[in-house]
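Morning, everyone. Please have the structure open on your screens. I will walk through it piece by piece.

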Amino acid sequence: NFHIFYQLLEGGKEELLAYLGLERDPRLYKYLSQGHCAKESSINDKNDWKTVSSAFSVIDFTEDDLENLFGIIASVLHLGNICFEENHQGSATIPDTHEIKWIAKLLGVHPSILLEALTHRKIEAKTEEVICPLTLELSVYARDAMAKAVYGRTFTWLVNKINSSLVNKDFTKKTVIGLLDIYGFEVFDKNGFEQFCINYCNEKLQQLLIERTLKAEQAEYEMEGIEWEPIQYFNNKIICDLVEERHKGIISILDEECIRPGPATDLSFLEKLEEKVGKHAHFQTRKLAGPKGRKRIGWMEFRLFHYAGEVTYCTKGFLEKNNDLLYRHLKEVLCRSKNRILKECFLVAELENRRRPPTVGTQFKNSLSSLLEILISKEPSYIRCIKPNERKEPSES
């Protein structure tokens with residue numbers, strides 16, 4: 001996870017950091033310094049680096065694998081430090097190509113091609129290809145989208161690599177035990193797109209718990225004529241539908257705003273929500289709330305009444321985070337990378353697919369649907385866990 005960036009800088013050997021073009025101080029890297037907390041007293045990154053390094057040997061990582069993997073991690077840090085300037089024509093330029101050279105070396109791409117892909121966009125019109133310069137804002141977006149795509153796909157590659165190293169190779173043994181850790185709802189002072197996705201996931205898992213356990217057990221008791229006191233439970237299908245229903249749910253409305261022509265904004269998305277789902281009993285905005293409710297909801301916020309309680313979400317950043325598209329020009333650069341891991345993550349066959357890739361929200365919904373299919377096919381058992389207080393001390397709530 002993201003701790004690897006800090007662990008690498010703190011625990012990596014001098015020769016490794018020199019090979020990757022990195023300095024030890026995490027505050028030198030934009031992606032690591034925006035939280036203004038480059039060091040955390042409760043975390044020992046140096047020791048954690050040793051743990052991670054030994055784990056790589058356990059799951060059959062070769063020196064070549066590690067070289068490619070650390071090259072990708074370092075390239076993300078270098079990407080964040082690329083600075084753009086605006087020329088007299090209003091287009092983005094990169095005056096200092098120091099970071100470009102390091103990224104090109106680590107990912108095995110041509111520096112001039114990478115430079116062009118970060119400052120220009122390829123537009124295809126029937127039989128023609130046009131290269132258009134990007135504005136400063138769009139170049140920053142392209143850089144960050146590339147960093148996210150590289151990191152995100154490498155993360156998935158790593159999970160698959162770990163899974164394949166742990167897979168049962170004795171095909172005579174068919175029994176599988178899977179563990180799904182559900183931490184619960186996230187309700188912060190400010191809740192955004194990430195909390196919306198996490199809480200939607202919890203709604204779906206709660207729905208499965210109700211359908212598979214409570215509802216099914218009660219039906220069996222009634223069928224067998226066993227006397228018992230029925231448990232009243234909230235069937236949260238109504239909220240799941242509000243979020244995921246095709247053409248009508250919040251994710252579909254968000255997708256529409258991401259692809260429609262014209263100046264779509266987070267505010268226009270909120271207005272569309274009010275128009276499409278404003279009458280839903282579990283949805284509320286400042287405009288739709290009564291006099292008392294209005295005071296607790298901002299103009300850019302909407303509130304969902306989840307089974308676990310109400311959560312207010314700020315729509316700022318929803319469109320950008322949901323869209324998160326990698327420009328085709330940059331995808332071409334990554335598909336031609338000589339870094340062996342990236343070659344597995346970005347396949348040349350992708351370039352032949354002209355369809356718009358699914359949004360982050362739709363990908364999340366599809367991934368959750370696949371998880372539920374797996375869970376439904378298994379026999380569930382539940383372990384109730386108690387979340388400790390922050391100090392993990394007795395007699396404190």
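Predicted model: local features only at pLDDT ≥ 70, side-chain atom pairs only at ≥ 80, totals over all residues.

**Strands, helices and rings**

Let's start with a pair of strands. E5 and strand E6, residues 301-306, pair in the antiparallel sense over 3 bridges. Find Thr285 on your screen. Opposite Thr285 stands Phe302 in E6.

Now widen the view. Which strands make up the open sheet, and in what order? There are 3, and the order is E5-E6-E7, with antiparallel pairing. At the edges sit strand E5, 283-285, and strand E7, 309-314. Each edge strand pairs on one side only. On average, neighbouring strands in this sheet are turned by 25 degrees against each other, direction ignored. Here is a general point for reading any sheet. In a regular strand, side chains alternate between the two faces of the sheet.

What lies across E5 and E6? Helix H12 does, residues 266-277. Helix H12 runs at about 135 degrees to E5.

Stay with H12, and bring in helix H11, residues 250-259. The axes of H11 and H12 come within 10 Å and cross at roughly 135 degrees. The two helices are therefore oblique to each other. H11 passes H12 in a right-handed crossing. Who meets whom? On the H11 side we have Ile250, Ile253, Leu254, Glu256 and Glu257. They meet Ser268, Phe269, Lys272, Leu273, Lys276 and Val277 in H12. Sort the residues of this H11 and H12 contact by type, and you get 6 nonpolar, 1 polar and 4 charged.

Next, another helix pair. At what angle do H9 and H10 pack? For helix H9, residues 193-223, and helix H10, residues 237-244, the angle is about 140 degrees. Their axes are 9 Å apart. That angle makes H9 oblique to H10. The crossing of H9 past H10 is left-handed. From H9, the contact uses Phe196, Tyr200, Glu203, Lys204 and Gln207. From H10, the partners are Lys237, Ile239, Cys240, Val243 and Glu244. By type, the contact of H9 with H10 holds 5 nonpolar, 1 polar and 4 charged residues.

Back to strands. Strand E3, residues 120-125, pairs with strand E4, residues 128-133. The sense is antiparallel, and there are 6 bridges. Lys122 stands opposite Ile131 in E4. How many residues lie between E3 and E4 in their hairpin? There are 2. Look at Lys126 in the turn: its phi is positive, at about 55 degrees.

Glu129 lies in strand E4. Leaving out residues up to four places away in sequence, Glu129 touches Lys122, Ile123 and Glu124. Now compare Glu129 with Val360, 231 residues apart from it along the chain. Their C-alpha atoms are separated by 27 Å.

Last topic: aromatic rings. A pair of rings is described by the distance of the centres and the angle of the planes. With centres within 6.5 Å as the cut-off, the count comes to 17 aromatic pairs. Take Trp49 and Phe70 as an example. Their ring centres are 5.4 Å apart and their planes stand at 40 degrees, so this pair is tilted.

Key: Residues numbered from 1 in each chain as written. Heavy atoms only, no water. Axes fitted to C-alpha atoms, helices over the stretch in contact; angles between N-to-C directions. Helix = DSSP H or I, 4+ residues; strand = E, 2+ residues; numbered from the N terminus. Parallel < 35°, antiparallel > 145°, perpendicular 65-115°, else oblique. Left-handed = near helix turned anticlockwise from the far one by under 90°. Contact = heavy atoms within 4.5 Å. Nonpolar A, V, L, I, M, F, W, Y, C, P; charged D, E, K, R; others polar. Pairing = 2+ DSSP bridges. Phe/Tyr/Trp six-rings, centres within 6.5 Å; stacked < 30°, edge-to-face > 60°.
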